[in-house]
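I opened a notebook for this model. The entries follow in the order in which I looked things up.

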Amino acid sequence: MLFNSLYFLVFLALVLIVHHGVLRSFAARKMFLLAVSWLFYASWSPRFLLLLIATTWIDFQLARIIHRTRAVSPARARALLIASLCLNLGLLAYFKYGLFLYDSAGAVLALPPAPGFLAVVVPLGISFYTFHSISYVIDTYRGIRPPTDSFPDFALYVAFFPQLIAGPITRWGFFGPQLATQPHVGMARIEASLFLLAVGYVKKVVCADSLGGFVDGVYGNIGEHGWIELLVAIYAYAFQIYFDFSGYTDIAMGVAGLLGFRLPENFRHPYLAENPSEFWRRWHISLSTWLRDYLYVPLGGNRHGTARTYVNLLITMLLGGLWHGAAWTFVVWGGFHGLWLAAHRALSGRDWWRTSLRTGDAAAPETPRTPRWLRRTVTFHLVALAWVPFRSASLGDALAFFEGIASGRPLLHPLPVGPILLVLIGLATHGLATRLEIASWWRTVPRPVQGAVYGLVVILMALFHAQSGRFIYFQF
Amino acid sequence: MAGQGGRAGHESPSDVRRAWLALAVPFVAVVAACLALLWTYREPLAKIGAGRGAAERGALRRLEKWRRKPVMLPRMVMLGDSLNVCTTPPAPRTTTVGLAVHAVINRGHRRFDVVDLTQPGLLPLYYYALLDDALETPVSLVVFELNLRTFLDPRVRAGEERLPGLARTLDFDDALRVREALEREGMSTFDPPIMRLKQQLGLLYVFEGARQGALDLIGAGAAWATAALGLPRRSFPAFGEVTRRLSLSYMVDYAGHPNATVIREAVRELHAARVPVIVYVAPIDVERLRGTSDFDPEELARRLEDLRVSIGLTNEEWLDLHAILPSERFRDYQNHLKFEGCAEVGRPLVDRAVRHLVKRPADARRTSAGTAR
């Protein structure tokens, strides 16, 4: 059930009617949300719903035992933590990476073709709900917060349908307190949620899917397209994936808001970043902070010297790349970002790279000597270039892509004006965001105007629905 | 979210009602106005939208014609794509495999009609849909063409712009079944039941037409910009490069491809309806492929045999013509044929078709499409 399908809208309408119109007690509403979340997942695969429920239950129990034993028997708590990690990461590795690892090893060791049990379908959303559970168990082990005694609450945290398939990756510390008291869903929250829904659907159905048609065509036949088309495809994909994923997140936040819940922010105009470090504070924030807290910091972070910091950055980003999928293209993408982060960290410590604002305030931030527009331009272009291996079907295709740009081949089709316009719109919305907090401004717009705009959004969705496709991040 | 603008604070039921009305009334008004506008211009818009569909352009029109015609002779239904069109540039002489078959069959005495539903751009998915309507008239034999290029992409080629035609040919039950099949195979997000609903409301092509009209405007702008900027365009992809890639990728898993699922399903239904079927593999330029790279003809033959078995066809129902033509019969790297090619494909087809019809004369027919599905 895709967010951009009529079936989902009908499902959502029914859920809202029952949630707000029929059920009164918060406990009943939570149970209802858990049931519909599981139903939502079962609509894709009832078989894998059992897996989701089973792992949820095991992690729930393990976390409770860890909490009870961590003070009296740290070794036992540690063993239970390792058991939980083995379960979660083992399932992730089996479903997502088993075939990839076997094939990669087979290429070197001349192994026979992969056995059938490795060629399995990857359960939808496993990368996301596994990370929910892991962070919950680790936080319990660290004593950051106690686990819940309510299995339905924990199960709802893991399976809450707006964020089940593609995030944002939510922490128990963020979501759990929302399950304690019944939220008030007033007009202000409804209006903010409707705004998020409208923006998300326009991003996805109109912008991302329109760009997707062009991008798919180019990446499907790299050798046949001219250099200009390939160049435009780089920018087009950069905005396709942004519109697609941030659109999904907006919809998820909007749906959650209509049910009275908040989800964490996942995007903050990422292409305005001035360096890679800032980019990762603006792009897929819930993943980058998860990787920071549960991978980079446990690896030692920046506490063990410069060289070790660079290695930790590289490992974190390589695994972050691999999280997106079992392919060398994602490893290369993650590796590039890891190296870039390390290089930026190394350079930003040099005096010739930066200059103090010299305000006299010792705590004042220091900025590089280069102008901001240049830093943003360079960062955006490096991010966009890194999307090429990410989007390519293979490393060979990625190389062919860059060769194609260098070849000077003439156009295969007329100049892709439509995608260029959408890329310009994407850039303009980023630029506008620096001057205007659009969501705040929207609240000042009279309600009749808001209603009229929502009407136009519905018509736009109907017009563009025929070309609408899956969300990119569903595959991760 | 509290404390936003002047709208924070306590909300009485009447405040909430007023707020909802303020949102809902303009919302409904705008939606209604836009729908009215689309309805007003539905005919030109539908024309634009429907004009994009390969099925609408040709196959469905021809099917309608055949459905209206009285059944005088046993009918052989042909389903295929542009590989059925044979032409020799630059002074084009054009024919089709269907015409070639028709000519050979009827050279002596008329024994059956050839219902040619082949159409450039048709996908195997369409065969499945077109059969639904085709079988509403008595049919003595169905012939599918398999274009191996359609198997090179592990997914079914997008082509969503053509799929409304598919939905149009299906009733709701079938539309739901097709949707399930599409989702199971991860083939498409296209939604046949919704398309079917739009068809019944007369809106099937109106939205598509409006969107396509806007895209046409952008396309015109693109063509103008390309010319104005003097940007060079290629007329054709580099042949060597394409064949090298294709020669490698012809080694795909045909039996595991979603196209095979669709054909298998169609064949299963034809078997259930006791309608004879022939599936033939259209020729590819094997001669040229052999010279370009590590193309492996034996391996290809083996994979095609796997495909036959997986579809559930007997040897008698399977006609592998992939290697019958020399290189000079091909017009391009996509395996389109020159004028003479159609006759050479048509001959073995006729031989096999006649064998079927002699063995199973015109009594192998269906009278209702609803019985098999």
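Which residue just after α9(B) takes a positive phi? I found B:Gly230, with a phi of about 65 degrees.

**Ground rules.** This is a predicted model; local features need pLDDT of at least 70, side-chain atom pairs count only at pLDDT 80 or more, and totals for chains, interfaces and linings use all residues. Residues are numbered from 1 along each chain as its sequence is written, and chains are lettered from A and ligands numbered from 1 in the order in which they are written.

**Helix α9 of chain B.** I took helices and strands as DSSP runs, numbered from the N terminus (helices H or I, at least four residues; strands E, at least two). α9(B) covers residues 204–228. I checked its span against 1.5 Å times one less than its number of residues. Its 25 residues should span 36 Å, and the end C-alpha atoms are 37 Å apart, which agrees. Next I looked at burial. A residue is buried if 20 or more other C-beta atoms lie within 10 Å of its own, exposed if 12 or fewer, and partly exposed in between, with C-beta atoms placed from the backbone. Buried residues in α9(B) include B:Leu204, B:Tyr205, B:Val206, B:Phe207 and B:Ala222.

**Chain B overall.** I noted 14 helices and seven strands in chain B. Of its 373 residues, 41% are buried. I then turned to contacts (two residues whose C-beta atoms, placed from the backbone, lie within 7 Å). Among chain B contacts with a separation of 6 or more, 83% join residues 24 or more positions apart.

**Confidence in chain A.** pLDDT is the predictor's confidence in each residue, from 0 to 100. Chain A averages 86, and 91% of the residues score at least 70. Over residues 355–362 of chain A the pLDDT is below 50. That stretch still has nine contacts in the model beyond near neighbours in sequence.

**Helix α3 of chain A.** α3(A) runs over residues 46–69. Its 24 residues reach 35 Å from first C-alpha to last, close to the 34 Å expected. I listed its buried residues: A:Leu52, A:Thr55, A:Thr56, A:Asp59, A:Phe60, A:Leu62, A:Ala63 and A:Ile66. An α-helix has 3.6 residues a turn, so residues three or four places apart point the same way. What covers the buried residues of α3(A)? I found α2, α4, α5 and α6 of chain A among the covering elements.

**Packing against α17(A).** For axes I used lines fitted to C-alpha atoms, for helices over the stretch in contact, with angles from 0 to 180 degrees between N-to-C directions. Angles under 35 degrees count as roughly parallel, over 145 as roughly antiparallel, 65 to 115 as roughly perpendicular and the rest as oblique. α9(A) (residues 187–220) packs on α17(A) (residues 417–433) at about 140 degrees, with axes 10 Å apart. The pair is therefore oblique. α9(A) passes α17(A) in a left-handed crossing; that is, the near helix is turned anticlockwise from the far one by less than a right angle, clockwise being right-handed. A:Cys207, A:Ser210, A:Leu211 and A:Phe214 meet A:Gly418, A:Pro419 and A:Leu422 there.

I then checked α10(A) against α17(A). Their axes come within 9 Å and cross at roughly 55 degrees. These two are therefore oblique, and their crossing is left-handed. On the α17(A) side, the meeting residues include A:Pro419 and A:Leu422. On the α10(A) side, A:Phe239 and A:Phe243 are among them.

**α14(A) with α15(A).** α14(A) (residues 328–347) and α15(A) (residues 372–391) have axes that come within 7 Å and cross at roughly 155 degrees. They are therefore roughly antiparallel. Trp333 and Trp340 of chain A, both in α14(A), are among the residues that meet α15(A).

**Two histidines.** Most residues other than glycine have a negative phi. I found A:His269 with phi near 45 degrees, in the loop between α10 and α11 of chain A. Phi of A:His284 is near 40 degrees, and this residue sits in the loop between α11 and α12. Are they buried or exposed? A:His269 is partly exposed, with 16 other C-beta atoms within 10 Å. A:His284 is buried, with 23.

**Two distances.** A:Thr289, in α12(A), is 9.4 Å from A:Ile169, C-alpha to C-alpha, at 120 residues apart in sequence. A:Gly305 lies in the loop between α12 and α13 of chain A. Its C-alpha is separated by 45 Å from that of A:Ser37, 268 residues apart along the chain.
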